[in-house]
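Please have the sequence and the coordinates open while reading.

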Amino acid sequence: MFRPNSALKMKLAGAGIAARQLSVYRSLTKDDIFMSMLGLLDLLVQEKPTPQSLFDGYFDLTHRLFGVSVPSGFHGNAWQYHLINLILKDDNPFSRRCETTAFDKLEHHLKKAAGIDMRNLSTLAFLDAKSIRHTVKTKISDLLTWVSEIPSFEAWPDWEPAGQPLSCEPQRPDSSDPGISLGNALLSADDWESKLPDVARFYAQNGTGIFGTYAAFRWVRSGTGGYLQGIEQPDPITFDNLIGYQKERKIVIDNTEKLLQGLPANNILLYGERGTGKSSTVKALVHEFGNRGLRLVEVSKQHLADFPQIIRLLKKRAQKFIIFVDDLSFEENEAEYKHLKGLLEGGLEARPANILIYATSNRRHLIKEYFSDRDTVASHGEVRVQDTLQEKLSLSDRFGITVTFISPAQAEYLAIVDGLARQAGLCIPQEELHRQALQWELRYNGRSGRTARQFIDWLIGEKKRKTL
């Protein structure tokens with residue numbers, strides 16, 4: 001039986017002490033896996049922990065680490081990947097400052113504190129999974145001499161894949177993922193403090209906290225306030241997948257480019273018939289510009305009153321944000337549009353330069369208008385009827401740019417069908433494809449890009465069904 005020596009005991013004790021000396025990266029102690037590791041280290045330096053606590057501590061940590069998916073190209077184990085991922089995603093005073101300030105311009109005391117934390121975290125990263133496993137088993141054997149007679153006692157799992165060294169020189173080409181590349185660089189370094197400028201550069205280029213983790217968010221109402229919820233798998237639509245409406249999409253893309261370049265840019269209203277690709281155009285921006293710091297925040301019409309709270313969360317960040325309001329329109333008795341008007345133009349607080357609003361609507365003027373609004377007799381007694389009309393029309397006017405998506409003509413509809421069929425690899429004679437596409441649009445939802453997509457999806461399903 002392996003017996004832990006005094007040097008190993010000192011190493012484990014030192015790792016536990018290092019984990020408790022974090023200042024800048026203190027929030028890592030709120031992570032369940034981090035605390036599970038710390039709890040196990042505490043048990044291993046105790047003279048006589050209970051066997052049950054050792055069993056529970058080891059297998060709780062192992063269970064949690066088995067849930068960590070180590071990506072291809074990363075040169076370490078699950079614990080190292082999880083720890084480095086925590087570091088790169090942590091939202092703390094140092095990482096937040098790195099988003100907007102060059103490393104050599106940062107306060108000396110902040111860099112020093114972050115460097116000390118990095119040194120302590122490296123102590124945790126290079127813990128030997130097999131040594132920890134053997135230390136736990138040895139302590140249990142000393143406390144319960146009979147337990148070694150149980151056959152399964154010797155066959156314990158650990159979180160380090162068999163045959164994989166704890167740290168190594170790169171055995172595979174570095175990943176194109178900047179987080180994986182930096183993680184591998186840390187694992188190859190003897191001194192993590194010396195890598196602090198690289199870590200700072202990562203924060204500057206990729207963001208921190210949830211804004212470094214996700215590119216798309218939805219605003220979730222909670223009580224009297226709300227919070228941003230990251231979307232792990234945004235709609236995968238890209239501009240390469242969208243056929244037609246190139247002129248309309250170029251207006252949106254060019255305006256977004258200005259936002260990313262720090263130039264004056266406009267809020268945009270995307271107006272037009274249903275199914276013409278208005279929402280898809282906005283969603284595709286994330287995949288086009290996410291790696292340049294663009295973030296998309298979806299806010300429902302019912303939560304427009306939360307705009308001030310949302311703006312406070314976004315305005316001091318280094319990223320650029322598009323607040324996306326889909327299918328925007330208001331009924332006669334709805335007053336939420338006034339919150340949007342103030343943000344677009346006319347509110348006391350200026351809209352931050354890193355935020356734009358993109359909205360889609362099937363209505364050009366957004367607020368439902370009745371003929372009775374134009375009739376002085378049926379105007380509910382209001383004397384200045386024109387003021388009522390102007391109040392309703394002024395909302396759409398406050399969007400600097402309106403992009404109109406009209407329903408496609410037959411030739412445009414068939415061109416969209418042709419493009420989608422090529423993308424899907426469908427080998428169907430064009431005459432037959434067009435005949436079925438025209439039948440489909442007559443039978444279902446009329447001519448639109450969405451109808452074309454639904455038709456192609458049906459064809460793909462039929463083709464696959466016949467091969468089963």
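Against which helices do the buried residues of helix 5 pack? The answer is given below, after a short note on the basis of the values.

## Basis of the values

This is a predicted model, in which local features need pLDDT of at least 70 and side-chain atom pairs count only at pLDDT 80 or more, while totals for chains, interfaces and linings use all residues. Residues are numbered from 1 along each chain as its sequence is written, and side-chain values use heavy atoms, with hydrogens and water left out.

## Helix 5 and its partners

The buried residues of helix 5 pack against helix 6 (108–125) and helix 9 (196–206). Helices here are DSSP runs of H or I with at least four residues, and strands are runs of E with at least two, both numbered from the N terminus. Helix 5 covers residues 93–100, and its buried members are Phe94, Ser95, Cys98 and Glu99; buried means under 20% relative accessible area, exposed over 50% and partly exposed in between, with a 1.4 Å probe and protein chains only. Viewed down the helix axis, these buried residues fall within an arc of 145°, so they line one face of helix 5; the arc is that of the directions from the axis to the C-beta atoms.

Pro93 and Thr100, on the other side of helix 5, are exposed. At the start of helix 5, a side-chain oxygen of asparagine 92 comes to within 2.9 Å of the backbone nitrogen of phenylalanine 94.

## Aromatic pairs

Rings of Phe, Tyr and Trp (its six-membered ring) pair if their centres lie within 6.5 Å, with planes under 30 degrees apart counted as stacked, over 60 as edge-to-face and the rest as tilted. The count by this rule is 17 aromatic pairs. For tyrosine 214 and phenylalanine 217, the ring centres are 6.2 Å apart and the planes stand at 80°, so this pair is edge-to-face. Tyrosine 214 is partly exposed, at 22% relative accessible area, whereas phenylalanine 217 is buried, at 1%. One aromatic cluster is formed by Phe55, Tyr58, Phe59 and Trp156.

## Loops and the whole chain

Tyrosine 245 is not a glycine, yet its phi is positive, at about 55°. The residue sits in the loop between strand 2 (225–230) and helix 11 (246–260), and tyrosine 245 counts as buried at 13% relative accessibility.

In the protein chain as a whole, the secondary structure comes to 18 helices and 7 strands, and buried residues make up 46% of the 468 residues.

Key
Contact means heavy atoms within 4.5 Å. A polar contact is a pair of N or O atoms within 3.5 Å; within protein, one must be able to donate a hydrogen and the other to accept it, and residues adjacent in sequence count only if both atoms are side-chain atoms.
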